[in-house]
Each structure stands twice: as structure tokens, then as C-alpha cells.
Amino acid sequence: MKLTDFESFDGSLLKAYIFEPKTKAKAVVQFAHGMQEYSATYFEFANFLADNGYIVVLFDQRGHGKSVQKQDLGKVGKEQRNPVSLPADFDLKKLEDDIFWQTLADHILLTKKLKAKYQLPVYFVGHSYGSFVGQAYLEQCKDMDKVVLVGSGYMKKPSVLFGKLVANIGKNFKGKDSVASMVEKLSFERFKKRFDTGSWVISDEEETKKFYADELNGTPFSYGFYASLFSHQLKHPNKKALANVDKRLPILLLSGQDDVIGDMGKGTTKLFDAYKSCGLNVKMHLYPNLRHAILQESEKTKIFDEILSFLDKNS
């Protein structure tokens, strides 16, 4: 694994990790991790793909992991400056104080850089928060060759609207970088009560302990971060934007049947139906008895193999 810095559109340096195969590469996998975690969570998966012929590139997204100081985890951070190398139709005004849109811009630029450097197909894989960035990426970016969304869904609009209201009130009265204690209480704290073992994220006890033992995982995030996230969850999927997506583009949705983010399979199915109704080339698999972080569950090798099979097909 190579450790490097990915310089994005505004000069931000984001910590990046590159895994390369020992044989000739088939394609490049660009991975987007979830919220309140970072790239290291997926090094086992990245090594698996590299062992099977793929270059894998991950970076700690804004507000996450080693791209920020520990005290800045989950904060919105600085505003954009002098954006470059983005599509002509990309709404630059949205970049100001909008960490979700900035992260989307990071991924769009990274795809372009990977295409130029390796001259290979680029496949996007996103988990959880990364999958919601992936939903927007699918509608904005024309450069990807396959898309895998893990732990995603079509969010309930009333719940997201309420979350956005709470986040904006907290942002306006306590500050954008203040810990969003009320949002966390209404979401993650409530999720915890649904399960007796493990966590709402992972059913496996040992994997749960390992995940939360890392000091860069599980830090409560800010009101500004949540305000940005909820604002974009209300906008996607966007059927008007999906009408412009290549109908041949292979898309795979994977989720645990007991994933609260995917509304116990119902939200993931609704997302699948929305994509199907737009004529997209999408497949879905819900794994029984698995929760949110299926790439960390005890049955993860099955998910690894399914993603590999999807990536290998016609590669």
C-alpha cells in the first residue's frame, strides 16, 4: 500500500491510499468510505481486490480520518477557494460551506485524475455516507464505468426534513462546527436500541469492538455536516438527472436485510425501484441477518466475492 496526498480542486490535501496488484491491472476501483470512519476500515477489502487484479484508491474524505486533525473530525472546515478542473456544468456556488458537495467534487476530480494516469476503466464503490455521495456522483459524473452502492437507500423524506430542520437550528444557534448532540440522539442513539448484540452497524461482537477501538471511528459529527448531508439526501435520487445516465452503466446495490439506514431493506428496494423506473441497468442483493456495515460482517467474504464477480464481468 502506498500512502500519498490527493490535492483536490481547492488545494485541500486529503490523505490517500493506493493498493496495486502484482499483475497487470484490470481496472481502477475508487472507494468512498462511510461517515464517522475512514479508509483504514476497508484495507482488507482493498487488499482483496488488489490480489485479484485491481488498483484500489481510497482517500479519507473531508472531515474524516487522517485528512484532518483529530479535533476537527466531523467539522465542515474551510470554504472552497479557486476551484479548478470540474465539469463546466458543476454548480460551483454550492461548494461554499457544503461539505457534501465538496466531497462530491473531490470524487469527480479524482476519477478524472485516475482515468488520465492509468488509462483504465474506473469503478466507483461507495459505502453508507460514501454511497449517498455515490448517488449524487451517479447523476453528476459521466466518467465512471461501473457503480457499486453498499448500505444505501431511498431515505424517508419526512425524517430527513426533520433532521435537516434540527441540524439547521443547531447550526444557526450553536455554530456549524458544534457537536450535533440532538441529531445523534435522534438517529444513532435510537438505532442502538433496536439490537441486543453487537451494534446497529455490525452484528459481529468482535468486529464491533475492533471498529470502535480506533479513535478515528465513531466521533460525533457537527451540525454543519448534518445540515449538508440531509440537504442532499432530499435531492437524490433525482429522476430528471437520472434520465441522462447511460442506460448501459452497470450498477449494483448491496445491503443487509437488517440495515437501519436502508430501512431494513425497504429503502434499498425503493432505491432499486427508482433506478429501474428510469431504465437503469441495476441489480440488487439484500443479505439476510446482516446489518449496515456488510463489508465488516462475519460473512464479508461472500460480499467481497459478489463485488469481485460484478467488477470482473466484461472487464
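Guide: Let us begin with a definition: a residue is called buried under 20% relative accessible area, exposed over 50%, and partly exposed in between, with a 1.4 Å probe and protein chains only. The model is predicted, so local features need pLDDT of at least 70 and side-chain atom pairs count only at pLDDT 80 or more, while totals for chains, interfaces and linings use all residues. Residues are numbered from 1 along each chain as its sequence is written, and side-chain values use heavy atoms, leaving out hydrogens and water.

Visitor: Which residues of α7 are called exposed on the face turned away from its buried side?

Guide: They are Glu206, Lys209, Lys210 and Ala213; exposed requires over 50% relative accessible area, so each of them lies above that cut-off.

Visitor: Why are the buried residues of α7 said to line one face of the helix?

Guide: The buried residues of α7, residues 205-213, are Glu207, Thr208 and Phe211. Seen down the axis, they fall within an arc of 105°, taken from the directions from the helix axis to the C-beta atoms, so they line one face. In general, an α-helix has 3.6 residues a turn, so residues three or four places apart point the same way.

Visitor: What do the buried residues of α7 pack against?

Guide: They pack against α11, residues 300-312; contact here means heavy atoms within 4.5 Å.

Visitor: What makes the approach of aspartate 204 to glutamate 206 a polar contact?

Guide: At the start of α7, a side-chain oxygen of aspartate 204 comes to within 3.2 Å of the backbone nitrogen of glutamate 206. The definition asks for a pair of N or O atoms within 3.5 Å, one able to donate a hydrogen and the other to accept it, and residues adjacent in sequence count only if both atoms are side-chain atoms; the pair therefore qualifies.

Visitor: Why are β3 and β5 called paired?

Guide: Pairing needs at least two DSSP bridges, and five join β3 (27-32) to β5 (122-127), so the two strands pair; they run parallel. Glutamine 30 stands opposite phenylalanine 124 in β5.

Visitor: What is the order of the strands in the open sheet?

Guide: The eight strands follow the order β1-β2-β4-β3-β5-β6-β7-β8, with mixed pairing. At the edges stand β1 (2-7) and β8 (281-287), each with a single partner strand, so one side of each is left without a neighbour in the sheet.

How values were computed. Helix = DSSP H or I, 4+ residues; strand = E, 2+ residues; numbered from the N terminus.
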